[in-house]
Amino acid sequence: MRVRTAVTGTAVLLLSAALAGPALAAGPAPGAHTATRAAVRAAVAAGVPGATATVRDAHGTWSTAAGVGDLRTGRPRSAHDRYRVASITKTFVATVLLQLAAEDRLSLDDPVDTWLPGLVRGHGHDGRRISLRRLLNHTSGIRDYLTDDGFRRDHFTKDGFFRHRYDTLAPRDLVAVAMRHAPAFAPGASWGYSNTNYVLAGLVIERVTGRPYATEVTRRIITPLRLTATSLPGTRTGVPRPSGRAYSTFGVPGGPAHDVTALNPSLAHAAGEMISDSADLTRFYGALLGGRLLPPRQLGEMRTTVPVKAAPGVRYGLGLTDTRLACGTHVWGHSGEIPGSVSEAAASADGRHTLAVNFDGDWAGDTTAVAEKEFCQPETRVSAGR
């Protein structure tokens with residue numbers, strides 16, 4: 001079971017008959033990833049318009065795609081498609097904050113108020129009692145702005161989405177929406193997924209460095225790792241090519257699929273605005289878990305987890321999940337959901353085996369089922385480990 005780390009109405013916890021796309025391989029032995037390919041195709045058979053996945057392991061890089069990337073033209077889904085990765089953005093943001101901690105520019109035990117004085121106030125919220133660590137592991141109790149009825153109506157219903165999809169939303173305004181409500185719980189008393197936590201984390205990065213959080217993510221992670229398909233679009237409403245379309249039924253069972261490709265991602269900010277592709281995501285998580293982005297102490301802090309009561313088998317670290325798959329194998333990564341795009345990245349503990357998968361519709365399929373097939377095969381279980 002995966003935690004739904006979305007920027008949709010289901011964010012508190014964590015897509016038609018189709019054409020099969022070609023598999024692209026570079027090194028794996030014949031027959032490798034057969035179950036993974038079948039799981040990708042099964043998602044399409046279940047109703048997802050199109051799906052794409054990439055695996056990076058000791059044999060090289062392997063990709064597959066199935067279904068369509070454009071329902072109007074019938075263009076097949078491509079393994080090279082870029083897409084909105086939503087809450088996978090959080091791992092990048094947490095990595096930058098941990099780098100700043102390693103540089104002694106901040107402490108994870110700093111109260112939020114140290115860097116954002118007076119911002120977290122109202123209806124019982126108090127930034128003086130909440131540490132940066134509690135933002136990153138979702139134990140702050142800060143209300144998720146996506147649970148606000150008005151916000152949901154304006155951005156995640158059909159009429160609201162098409163009326164407001166090009167609106168620019170400032171990060172402090174997103175925080176203000178959350179401050180209209182009481183906290184979900186006292187700081188440290190429980191666990192509760194809140195996108196507001198990471199909007200605040202992005203603002204802290206900006207306060208500490210004097211530069212936009214997106215600039216820091218780019219210069220510290222995207223550029224050094226040569227993640228050429230990865231970007232933080234800010235208010236840009238399109239997805240760079242190569243890419244397909246994105247579709248949503250807005251939660252209506254059996255409803256029509258609406259093209260929701262174009263939207264202003266400022267509604268997610270540092271909680272989920274990023275665009276990437278599956279190859280870049282496998283490279284990023286491999287580098288992170290392989291120790292190339294953080295010193296051992298900070299990587300250890302990132303991997304220090306708390307339980308997620310609503311999702312047995314899932315624990316949450318600092319922008320990183322530890323998921324126990326059905327076979328007992330543990331994988332590290334994150335999932336993400338935004339209208340029309342559902343993604344998951346998973347990796348072995350040492351980062352040597354990584355997977356990224358994306359669906360271009362948000363009403364069917366299970367990305368974790370793809371991870372189960374990739375990491376639970378006898379030849380891969382030992383390398384995944386815990």
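## Basis of the values

The model is predicted, so local features need pLDDT of at least 70 and side-chain atom pairs count only at pLDDT 80 or more, while totals for chains, interfaces and linings use all residues. Residues are numbered from 1 along each chain as its sequence is written, and side-chain values use heavy atoms, with hydrogens and water left out.

## Salt bridges

A salt bridge here is a side-chain nitrogen of Lys or Arg within 4 Å of a carboxyl oxygen of Asp or Glu. The whole structure holds 18 salt bridges. One of them pairs aspartate 259 with arginine 245, with 2.9 Å between the closest N and O atoms. Aspartate 259 is in strand β8 (residues 258-259) and arginine 245 is in the loop between α9 (213-222) and β7 (247-248), so this pair ties together parts 14 residues apart in sequence. Helices (H or I, at least four residues) and strands (E, at least two) are DSSP runs, numbered from the N terminus. Relative accessible area is 28% for aspartate 259 and 35% for arginine 245. Both values count as partly exposed, a class between buried (under 20%) and exposed (over 50%), found with a 1.4 Å probe and protein chains only.

Salt bridges with shared partners join Glu103, Arg105, Arg211, Glu216, Arg219 and Arg220 into one network. Within it, glutamate 103 bridges to arginine 105, the closest N and O atoms being 3.6 Å apart. Glutamate 103 is partly exposed at 38%, and arginine 105 is partly exposed at 32%.

## Helix contacts

Two packed helices are described by the angle between their axes and the distance between the axes. Axes are lines fitted to C-alpha atoms, for helices over the stretch in contact, and angles run from 0 to 180 degrees between N-to-C directions. The axes of α2 (residues 89-102) and α10 (residues 278-289) come within 12 Å and cross at roughly 35°. This crossing is left-handed, meaning that the near helix is turned anticlockwise from the far one by less than a right angle; clockwise would be right-handed. Thr91, Phe92 and Thr95 of α2 make the contact with Leu281, Phe284, Tyr285 and Leu288 of α10, where contact means heavy atoms within 4.5 Å.

For α7 (residues 171-179) and α8 (residues 195-209), the axes come within 10 Å and cross at roughly 145°. The crossing of α7 and α8 is left-handed. Residues Pro171, Arg172, Leu174, Val175 and Ala178 in α7 meet Thr196, Val199, Leu200 and Leu203 in α8.

## Nonpolar cores

A nonpolar core is a set of buried Ala, Val, Leu, Ile, Met, Phe, Trp, Tyr and Cys residues joined through side-chain atoms within 4.5 Å. The largest such core has 84 residues, of which Phe92, Leu106, Phe284 and Met302 touch the most other members. Beyond its neighbours within four places in sequence, phenylalanine 284 contacts Thr91, Phe92, Thr95, Ile221, Leu225, Leu227 and Leu293. Another core, of 22 residues, lies apart from the largest one and includes Ala51, Val55, Val370 and Phe375.

## Arginine 165

Arginine 165 is in the loop between α6 (158-164) and α7. This residue is buried, with a relative accessible area of 17%. Setting aside neighbours within four places in sequence, arginine 165 contacts Asp259, Val260, Ala262, Leu263 and Asn264. Arginine 165 and threonine 237 are 72 residues apart in sequence, with 8.7 Å between their C-alpha atoms.
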